[in-house]
Amino acid sequence: MALKILLVDKDEDWLFSAKEYFEAQLYHTTLVSNGKDAQVALYNQKYFAVVMNVKVERHPGIQVLKFIKSNYPTQKVIMITEVNEQDDEEDQMTPEKLKKMGATEAIAKPFEFEDLKGLLEGHQSVGDMVSSVPRRKELGPEEEVDMGDDKFTGVKIDEFYTSQAVLFDIYIKLKSNRYIKILHAGDTFSKERLDKYKNEKNVEFLYFEKKDLFKYVKFNNYFAKKVIGNEKVGGAKKVKMLQNVAEKFLEQTFQEGMKPQIIDQGKEIAENVYELVKESGDLFQVFKDYADFDPNAYTHAYLVTLFSTSIIKQFEWQSKTTIECTALACMFHDIGKMKMDPTVAQMKLEEMNDEQLLEYKRHPEYGLELIDGNPLINNSVKQIILQHHEHFDGTGFPFNKKGSKILMLSNIVCLADNFVHIIQDEDLKPVEALKVLLSRRDQLTWYNSQIVECLIKVFVDPQKIMKDNNVLPSNSRMVPNKKVS
Ligand SMILES: [Fe+2]
Ligand SMILES: [Fe+2]
């Protein structure tokens, strides 16, 4: 069953182009040009969402919005506004004002239909997504498509999960810039078929279009949530699964920027990360099993998320909120690199000249600039990002903050960040990387010693602590080599 949307605008040309666009995306649309007809339509029919221009007449958009809020309080309403530079600020109907008045989302013209679709789908549940794909009885033909590598993103075939019907088109890659569509949205992907591609055709990766990243992340996040709650599934598998989602999520963020629906997904992932570290009583075991760290640009942020939250879990004062906040901050900690000169952003620190180094040291502030005005991201998240390179001994950047002037959570992210750099740069397993980190004594003053202790605790079997209370060093100068297996 396709999702129905009600489009309300007095501009008929716009209505018809919107209809054409959304029907091609498999939505059903109803078009009306005034507020009164909108109310009648809502009375007769249930809609997945109402998309309404605030400037409609007979009844005015604001009045209809109020009507919907009092009669159908759960109805999703996306308001369209036209912000006119000449108008007084007071008179402007900004998206922020409309959201305060109860709109689920609001967007100012001009925008692309894609943006509107993003808002709509940001509010789709996985159930909505699954029910909106057309079911097909027979498999569609395989067809070669004329699209380049930059349009696609891949997932290892073993790590590909689907609902009964695939939510978007799936491709295999023949060679550079040549893809074959093997499944259309709505086709069923059976285990036998997957196995055939894997075993007979030696397919290692499946591809989908980057425009479908949102659906992929949403579905896999939902799926991961179920798996994380399942005791029978091993910790390492859960970590890996969440990694896939987080990587694709970050790919999407770097491509599209910090849109509201993307931040919502980040929060869902942060919640899953929380559930994961909460459920795993044996984090040490998880990291021991989880040796498969393929270094990829997007893995970094995920690993920082995982280790920061694992450290926090060792503290008495930990809570769901601190863990989720930090998880979100970790995923975005290097978002400021988007604003850096891309060639500098790719360089290693030791290759940079003074000027480039200065530019690099601005990335925490750039990060803050990107999210500063964003009401969806709270202040602790912003501060963690801004301070993630400050050192406890005052040698960090950008403000050379020292000691208790630095947020504890930022200092945790700083340690996790450097720890993950050792894992990735030197291609080490986490336990080995811990030894390297602890052996660099001159750098241990960068962190509050309690934090270093907590990182060590992540890798120690809790049973060992019970047996031998001295297993943890009383300060971070000790190197418990023999005690960390
Ligand atoms: Fe950074
Ligand atoms: Fe980093």
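1. Which residue in β4 is the bridge partner of M52? In this predicted model, the partner of M52 is M79 of β4. Strands β3 and β4 pair in the parallel sense, over five bridges.

2. Together with helix α3 (residues 61–71), β3 and β4 make a right-handed β-α-β unit.

3. Strand β4 (residues 76–82) has six of its seven residues buried, so it is largely enclosed by the rest of the structure. Five bridges also join β4 to β5, and these two strands run parallel. Within that pairing, I80 stands opposite I107 in β5.

4. On its other pairing, strand β3 (residues 49–53) is joined to strand β1 (residues 4–8) by four bridges, in the parallel sense. Here A49 of β3 is the bridge partner of I5.

5. The sheet as a whole is open and consists of five strands in the order β2-β1-β3-β4-β5, with parallel pairing. Its edges are β2 (28–32) and β5 (105–109), each of which pairs on one side only. Neighbouring strands are turned by 20° against each other on average, direction ignored.

6. A separate point concerns two helices. Helix α16 (residues 363–371) packs against helix α17 (residues 379–386) at an angle of about 155°, with the axes 8 Å apart. The two are therefore roughly antiparallel to each other, as angles over 145 degrees are counted so. P364, E365, G367, L368 and I371 of α16 make the contact with K382, I385 and L386 of α17.

Conventions:
Residues are numbered from 1 along each chain as its sequence is written. Chains are lettered from A and ligands numbered from 1 in the order in which they are written. This is a predicted model: local features need pLDDT of at least 70, side-chain atom pairs count only at pLDDT 80 or more; totals for chains, interfaces and linings use all residues. Axes are lines fitted to C-alpha atoms, for helices over the stretch in contact, and angles run from 0 to 180 degrees between N-to-C directions. Angles under 35 degrees count as roughly parallel, over 145 as roughly antiparallel, 65 to 115 as roughly perpendicular and the rest as oblique. Two residues are in contact if their C-beta atoms, placed from the backbone, lie within 7 Å. Two strands pair if DSSP finds at least two bridges between them. A residue is buried if 20 or more other C-beta atoms lie within 10 Å of its own, exposed if 12 or fewer, and partly exposed in between; C-beta atoms are placed from the backbone. A crossover is right-handed if, with the strands pointing away from the viewer, the path from the first strand over the helix to the second runs clockwise.
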